[in-house]
Every structure is written in structure tokens, then in C-alpha cells.
Amino acid sequence: DKQGGQLMPNEFQPNKDVFTCLTSDCNTTLPTCSSIHDVQSLEMVCKHILPKLITNKFPVMMQQKIDTQLKICGNSSFSDQTILKSALKLLELLKQLRSCDTRFFYRYPECKYSDKY
């Protein structure tokens with residue numbers, strides 16, 4: 001039943017996201033890209049994407065360090081500064097694991113042009 005034009009709590013309300021709106025008419029107001037802050041994007045990547053790609057892929061000690069940084073940078077309750085610092089630490093940890101094989105110089109130009117590698 002509808003009362004006063006509002007859905008009753010037990011009625012199903014379809015979940016509208018950007019993909020739903022691409023395939024059908026959508027009256028939902030979606031945030032613009034400019035309204036999403038860099039740290040918010042970073043937090044979402046640390047929370048939803050990176051764990052699927054880098055969980056249980058490295059030696060135990062390194063994996064623990066990576067997991068710790070993922071938990072921090074993926075947690076919106078931390079300050080922007082803390083999230084950024086954690087993401088930078090994560091970046092440094094992952095850089096250590098990258099090999100500078102000559103076959104992959106096109107992927108990692110810093111390997112070719114740096115004395116560190």
C-alpha cells in the first residue's frame with residue numbers, strides 16, 4: 001500500500017546506481033565527479049579494489065604490512081591526512097616488490113632511468 005505517495009517500509013525499493021541509470025531512465029541524483037574528493041576516491045580504492053588484487057599474494061611479513069595499510073587507507077573514519085600517509089606507505093611497500101626486469105621497462109620507466117634499480 002501507498003500512503004501519501006510514499007513507499008511503505010516493507011515495499012521493495014530498487015537499488016539505483018550509475019550502471020542502472022545508464023541502461024534506463026533514472027531520476028536519482030548521482031554525485032558529480034568533481035564532488036568526490038581525491039581522498040574519498042583513494043579510500044574507496046583501498047577498501048574495495050586493492051584487497052581483491054593484493055590479498056594473500058606476498059610473503060607473510062610483507063602481507064601483514066600491506067594489510068595494515070589497506071585497513072587504514074580504506075577507513076573513512078580516519079582523517080584525510082592519515083589516509084594519504086597510509087596510501088603513500090602502501091605505495092612504497094608495493095614498489096619494493098616490483099621487479100625491474102628489462103623486459104618490462106616500458107611499464108616502469110623509473111626502472112630504466114634510475115640508479116636505484
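**Basis**

Axes are lines fitted to C-alpha atoms, for helices over the stretch in contact, and angles run from 0 to 180 degrees between N-to-C directions. Helices are DSSP runs (H or I, at least four residues), numbered from the N terminus.

This is a predicted model, in which local features need pLDDT of at least 70 and side-chain atom pairs count only at pLDDT 80 or more, while totals for chains, interfaces and linings use all residues. Residues are numbered from 1 along each chain as its sequence is written, and side-chain values use heavy atoms, with hydrogens and water left out.

**Helices α2 and α4**

Helix α2 (residues 38–54) packs against helix α4 (residues 80–97) at an angle of about 35 degrees, the axes being 10 Å apart. In contact (heavy atoms within 4.5 Å) are Val39, Leu42, Glu43, Cys46, Leu50 and Ile54 of α2 with Asp80, Ile83, Leu84, Ala87, Leu90 and Leu94 of α4.

**Helices α2 and α3**

The axes of α2 and α3 cross at roughly 150 degrees and come within 8 Å. That makes the two helices roughly antiparallel (angles over 145 degrees). On α2 the contact uses Leu42, Glu43, Cys46, Leu50, Pro51 and Ile54; on α3 it uses Gln63, Ile66, Leu70 and Cys73.

**The disulfide**

The whole structure holds one disulfide (a pair of cysteine sulfur atoms within 2.5 Å). Cys46 is joined to Cys73, with S to S 2.0 Å. The pair links distant parts of the chain, 27 residues apart: Cys46 lies in α2, and Cys73 in α3 (residues 60–73).

The link is left-handed, with -105 degrees about the S-S bond. Both Cys46 and Cys73 are buried (under 20% relative accessible area, 1.4 Å probe, protein chains only).

Key
Buried < 20%, exposed > 50% of the residue type's maximum accessible area, 1.4 Å probe, protein only. Parallel < 35°, antiparallel > 145°, perpendicular 65-115°, else oblique.
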